[in-house]
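Dear colleague,

I am passing on the structure we spoke about, and you will find the sequence and the coordinates just below. My notes on it follow, arranged by topic.

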Amino acid sequence: MSPILTARDVTKTFGVQPALRGVDLDLHEGEIVAVRGRSGCGKSTLLHCLSGIIRPDGGQVHFRGERLDDTGEAHRSELRRTRFGVLLQHGHLVAELTAAENVALPLLLGGGSRRAALAAAATWLGRLGVAEAAEQIPGRLSGGQSQRVALARAMVTQPEVLFADEPTGALDSLAGELVMQLLTRVAREQGTAVVVVTHDATIAAYAERELVLRDGAVDPTGLGVAVGTGA
Ligand SMILES: Nc1ncnc2c1ncn2[C@@H]1O[C@H](COP(=O)(O)OP(=O)(O)O)[C@@H](O)[C@H]1O
Ligand SMILES: [Mg+2]
């Protein structure tokens with residue numbers, strides 16, 4: 001089976017600081033890949049390049065054979081709305097909308113009826129254990145509730161690829177594991193491929209595969225730290 005998403009030699013530099021120094025990745029349908037590494041190693045930047053939020057400086061990203069990195073913002077944002085689900089590291093819920101309306105938003109933007117969109121939102125909020133938050137505005141939610149609402153919003157369109165940046169960072173370990181169990185099940189049932197950024201080894205253990213970054217490059221040791229050769 002050929003991968004649905006590929007990255008080849010992806011580079012990105014902010015100013016003079018290289019954030020990614022040539023990263024390769026193959027992602028298959030229904031596969032969960034954890035991206036791990038220390039703070040600042042380039043995890044979020046990689047996720048932004050893969051999902052088309054930013055364009056890499058070099059290298060290529062393909063989704064189902066179509067080159068993403070050199071297409072315009074309009075097309076990339078349409079892909080994010082229709083075929084990708086994206087949970088950013090800092091939630092970004094719309095402050096004026098209730099949790100349920102936030103989750104329904106991608107369906108409403110896609111032309112769905114309000115009734116169907118809110119029903120789907122309720123289903124996802126329930127699956128993620130935050131049904132009670134449905135009518136609250138984001139300002140009244142706890143960090144853990146906000147994170148699950150943002151995840152529900154990323155999942156509600158049944159995306160082909162889910163990009164989740166530290167989706168369990170604000171959750172206690174039990175809630176974090178429940179979220180990962182749900183992601184694992186959805187990936188299997190819907191064939192959704194998942195790229196999950198985490199620095200938590202317990203969370204990464206739910207993935208089939210790990211990509212460990214160190215200073216913007218894939219760390220072949222998988223340890224994410226400098227290792228002396230002893231020589
Ligand atoms: N928008 C930006 N402007 C300038 N530097 C950035 C920006 N985004 C990330 N960086 C830098 O790129 C490196 C990688 O950041 P990031 O991808 O956020 O790491 P991680 O998610 O692994 O913590 C860091 O040195 C960070 O300071
Ligand atoms: Mg990050």
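**The magnesium site**

Gln 89 has a relative accessibility of 35% and therefore counts as partly exposed. Please keep in mind throughout that this is a predicted model. Ser 44, by contrast, is buried, since its relative accessible area is 19% and the cut-off for a buried residue is under 20%. These two residues coordinate the magnesium ion (ligand 2), Ser 44 through OG and Gln 89 through OE1, at 2.1 to 2.4 Å. The pair brings together distant parts of the chain, for the residues are 45 apart, with Ser 44 in helix H1 and Gln 89 in the loop that lies between S6 and helix H3 (99-109).

**The sheet**

Six strands form an open sheet with mixed pairing, in the order S6-S7-S8-S3-S9-S10. Strand S6 (84-87) and strand S10 (217-218) are at the edges and have a single partner strand each, so one side of each is left without a neighbour in the sheet. Helix H1 (residues 43-50), which carries Ser 44, packs on this sheet and touches S3, S6, strand S7 (161-165), S8 and strand S9 (209-214), while its direction makes about 155 degrees with that of S7. Helix H6 (residues 173-190) lies across S3, S7 and S8, and runs at about 140 degrees to S3.

Strand S3 (residues 32-36) is joined by four bridges to strand S8 (residues 193-197), and the two run parallel. Four bridges also join S3 to S9, again in a parallel arrangement. Val 35 faces Val 197 in S8 as its opposite residue, whereas Arg 36 has Val 212 in S9 as its bridge partner. S3 is mostly covered, with four of its five residues buried.

**Helix H3 and its neighbours**

Which residues of H3 are buried? They are Ala 99, Ala 100, Asn 102, Val 103, Ala 104 and Pro 106, and the buried residues of this helix pack against helix H4 (114-127) and helix H5 (143-155). In the contact with H5, Ala 99, Asn 102, Val 103 and Pro 106 of H3 meet Val 149, Ala 152 and Arg 153. H3 and H5 pack at an angle of about 25 degrees, with their axes 7 Å apart. The two helices are therefore roughly parallel to each other, given that angles under 35 degrees count as such, and H3 passes H5 in a right-handed crossing. After H3 comes Gly 111, whose phi is positive, near 95 degrees.

With best regards

Methods: Residues numbered from 1 in each chain as written. Chains lettered and ligands numbered in written order. Predicted model: local features only at pLDDT ≥ 70, side-chain atom pairs only at ≥ 80, totals over all residues. Heavy atoms only, no water. Pairing = 2+ DSSP bridges. Contact = heavy atoms within 4.5 Å. Axes fitted to C-alpha atoms, helices over the stretch in contact; angles between N-to-C directions. Donors = N, O, S within 2.8 Å, 3.2 Å for Na, K, Ca; no water. Buried < 20%, exposed > 50% of the residue type's maximum accessible area, 1.4 Å probe, protein only. Parallel < 35°, antiparallel > 145°, perpendicular 65-115°, else oblique. Left-handed = near helix turned anticlockwise from the far one by under 90°.
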